[in-house]
Amino acid sequence: MFWKKMFGAKDNTPPVEEQIVEEQKEQGFFQKLVSGLEKTKQSFVHQVERIMTGRKVDEELFEELEEILIQADCGVHTSLFLVDQLRERARAEKITEAEELQAVLVEEIVDLLQKNASPLRTPTEKPYVIMVVGVNGAGKTTTIGKLAYRFKQENAKVLLAAGDTFRAGAIEQLQVWGNRVGVEVIAHQEGADPAAVAYDAINAAKARGSDVLILDTAGRLQTKVNLMSELSKVHRVVTRELGRDLDEILLVVDATTGQNALSQGKIFKEAVPLTGIALTKLDGTAKGGIVLALANELDLAVKLVGVGEQYEDLQDFDPSVFAAALFGTAKQ
Ligand SMILES: Nc1nc2c(ncn2[C@@H]2O[C@H](COP(=O)(O)OP(=O)(O)OP(=O)(O)O)[C@@H](O)[C@H]2O)c(=O)[nH]1
Ligand SMILES: [Mg+2]
């Protein structure tokens, strides 16, 4: 348990009944991930299975695989890299049957995802501060609601900050989440300076002894220079008031946006020191390969994945669990 680890009970070993409940929960999470990845499974994985059945390993097979990977949004660079790895391993390990190669593909995918994988940072100091950034409609506010729910479940004292003062209705949207989940929201008027909201929120979190503060921000296109520098300003104010780095600065990326996600990552990284990615709407895309492109090409960990619109549809990203859910293999 994330929070209990830091601020909670001294003995962290839960009683047996609690362990059983935890295991059941985990199974439920895994099933949700499996169903959230159904579209990607139906197209990407089934295509891989189709070309890898009942044939010998040859150059044509590698070319077909490369095309399937690119179509699944794995990114050209990453697709070529993966296929090269497979060519190399097929040669070195004398693999001649295509079926055998599929297991190697899964291994290579897990390896590639693992290179940059890391979970949310462990809290070391109160308040644990998360700032959430991204383009319009990526799923920032929803992800904050889901995170707030999750931390609240773990008995953390959560505070939200309505830093999107730009879009009409954005403040109310966060307040609705706050009410649903039962956490407080620091908000100013629409049109107010988002840095001022952030300033108040940090000080409120300190004064109230909040365990965690999550800052919402307005959606912005990565190409709008003035909006990106506004984000840098909010970040500066938060860092100064906090007297240290933020614990997490998460870029929320909509899995259905395709290769533009890479450009979002690169440019947001220039404005604020991103610590990871929350990839939303994986349930809405057949092109879940974007996870590979992001993990491999941005030097940023995918930390969370969104697989639906419900409270519990936000999961920690674990490469081997992800591959197991996608390819129907046993968890490694
Ligand atoms: N299916 C699905 N829908 C999601 C997921 N995450 C977010 N959404 C939906 O995406 C839509 C946009 O979500 P918001 O949280 O408002 O996005 P935002 O980034 O805050 O948007 P702006 O504040 O306008 O920039 C909403 O309808 C959410 O329910 C997800 O993991 N799966
Ligand atoms: Mg929003």
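Biologist: Is Val 212 buried or exposed?

Modeller: This is a predicted model, where local features need pLDDT of at least 70, side-chain atom pairs count only at pLDDT 80 or more, and totals for chains, interfaces and linings use all residues. Residues are numbered from 1 along each chain as its sequence is written, and chains are lettered from A and ligands numbered from 1 in the order in which they are written. Val 212 has 26 other C-beta atoms within 10 Å. The cut-offs are 20 or more for buried, 12 or fewer for exposed, and partly exposed in between, with C-beta atoms placed from the backbone, so Val 212 is buried.

Biologist: Which residues is Val 212 in contact with, leaving aside neighbours within four places in sequence?

Modeller: Contact means C-beta atoms, placed from the backbone, within 7 Å. Val 212 lies in strand 4, residues 212-215; strands are DSSP E runs of at least two residues, helices H or I runs of at least four, numbered from the N terminus. Its contacts are Pro 127, Tyr 128, Phe 151, Ala 156 and Val 158.

Biologist: Which helix gives the most to the shell around ligand 1?

Modeller: The ligand is surrounded by 22 residues, each with its C-beta atom, placed from the backbone, within 6 Å. Gly 139 and Thr 141 are among the closest. Three shell residues come from one helix, residues 140-153: helix 7.

Key. Contact = placed C-beta atoms within 7 Å.
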